Amino acid sequence: MELRSVSRGNIMPQTISVKPVRLPAPERGTDLEVRVTAPATGSGLPVILMAHGFGGSMTSYDPLVDHWAAAGFVVVQPTFLDSATLAITPDDPRHGEIWRFRVRDVTQVIDSLDRLLAAIPGLPERVDVRNLAVVGHSWGGQTVGMLLGARVIADDRTVGASHTDPRVRAGVLLATTGTGGEDLAPFAREHFPFMSPDFGQLTTPTLVVAGESDDSPLSTRGPDWFTDAHRLSPGSRALVTVLGGEHYLGGIHGYNRTDTTDESPQRVEAVRLTSTAFLRTTLGQDADAWAAAVAAPPVGSRIDEA
């Protein structure tokens, strides 16, 4: 168990982090490992399920996780099969189905919240599991977006099954890929055919965050591809544009990461503040938090409400 202090103004609230908490998952070939991070004090705490992008793990996104825990959220983070820590190759029979395993994993995490929270003594009594949000970055955004109501369009253009989870009350989609078909670059169409979401049934209240300069090689359209979840989802309440932000939105995936091409503490802070304000209001923690963010957007961001 790890205790860490995170600055919030003049207050240094302690957070507690435990990893790995293992959930048996025989069908995926390896146990599902999860990290749980929580405030050391407080009660009635809401829960955030954070889904990492391609190659990440439960130890990713500390700049966000530390902030959310200090702000009074419990954060649970599964490690998916595409994680670089597992080194699954394209020859592995599970490889082509990883996107499906991801959805099963996040559902299993929600099903197992009581067991996960119990890894920190005394935490279950301090948490309100009815106040559950999901957050995902990049591929993680597509993963949790399916719990919010998005679906995958198959090769024959039929819309796949719904994985909407009524236990989820809110979502935040960070740099989440847009529509498929001709909007995908040839490489993406060949290797990531599942990257073809239908947002028409995404009705759960959601905040979409996109980088102004996130020009992905996976798409033919440029940065506005990452705004599709806002434009096409009935549930999207607002779009936060991170000014000058690229795919890592200033470095949200880790401290001092050398692969951050748009490193900016200001951009990371904009993601922290807007996501926290949206979730605090949507989950009933602070009715005025989101209105205050809209009235005075964090430096380096623009907010457009639906």
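The charged end of R102 sits over the ring of W139, 4.4 Å from the ring centre; a charge counts as sitting over a ring if NZ of Lys or CZ of Arg is within 6 Å of the ring centre and within 35 degrees of the ring normal. This is a predicted model, in which local features need pLDDT of at least 70 and side-chain atom pairs count only at pLDDT 80 or more, while totals for chains, interfaces and linings use all residues. Residues are numbered from 1 along each chain as its sequence is written, and side-chain values use heavy atoms, with hydrogens and water left out.

**Helix α4**

- Helices (H or I, at least four residues) and strands (E, at least two) are DSSP runs, numbered from the N terminus.
- Helix α4 (residues 139-148) is largely enclosed by the rest of the structure, because 10 of its 10 residues are buried.
- Buried means under 20% relative accessible area, exposed over 50%, and partly exposed in between (1.4 Å probe, protein chains only).
- The buried residues of α4 are covered by elements including β6 (127-137) and β10 (206-211).
- Just after α4, G149 has a positive phi of about 130 degrees.

**Aromatic rings**

- The structure holds seven aromatic pairs; rings of Phe, Tyr and Trp (its six-membered ring) pair if their centres lie within 6.5 Å, and planes under 30 degrees apart count as stacked, over 60 as edge-to-face and the rest as tilted.
- One of them is the stacked pair of W139 and F194, with 5.3 Å centre to centre and 20 degrees between the planes.
- W139 lies in helix α4 and F194 in the loop between α5 and β9 (197-198), so the pair ties together parts that are 55 residues apart in sequence.
- W139 is buried, at 10% relative accessibility, and F194 is buried with a relative accessible area of 10%.
- F278 and W290 form an edge-to-face pair, because their ring centres are 5.6 Å apart and their planes are at 85 degrees.
- F278 belongs to helix α7 (residues 265-282) and W290 to helix α8 (residues 289-295), 12 residues apart.
- Both F278 and W290 are buried.
- One aromatic cluster is formed by F54, W99, W139, F187, F192 and F194.
- R104 lies over the face of F101, at 5.0 Å from the ring centre.

**Backbone features**

- The peptide bond from K19 to P20 is cis, with omega near -10 degrees, and P20 lies in strand β2 (residues 14-23).
- A87 is not a glycine, yet has a positive phi of about 55 degrees; A87 is exposed, with a relative accessible area of 58%.
- A175, also a residue other than glycine, has a positive phi near 50 degrees; A175 is buried, with a relative accessible area of 0%.

Conventions: Contact = heavy atoms within 4.5 Å.
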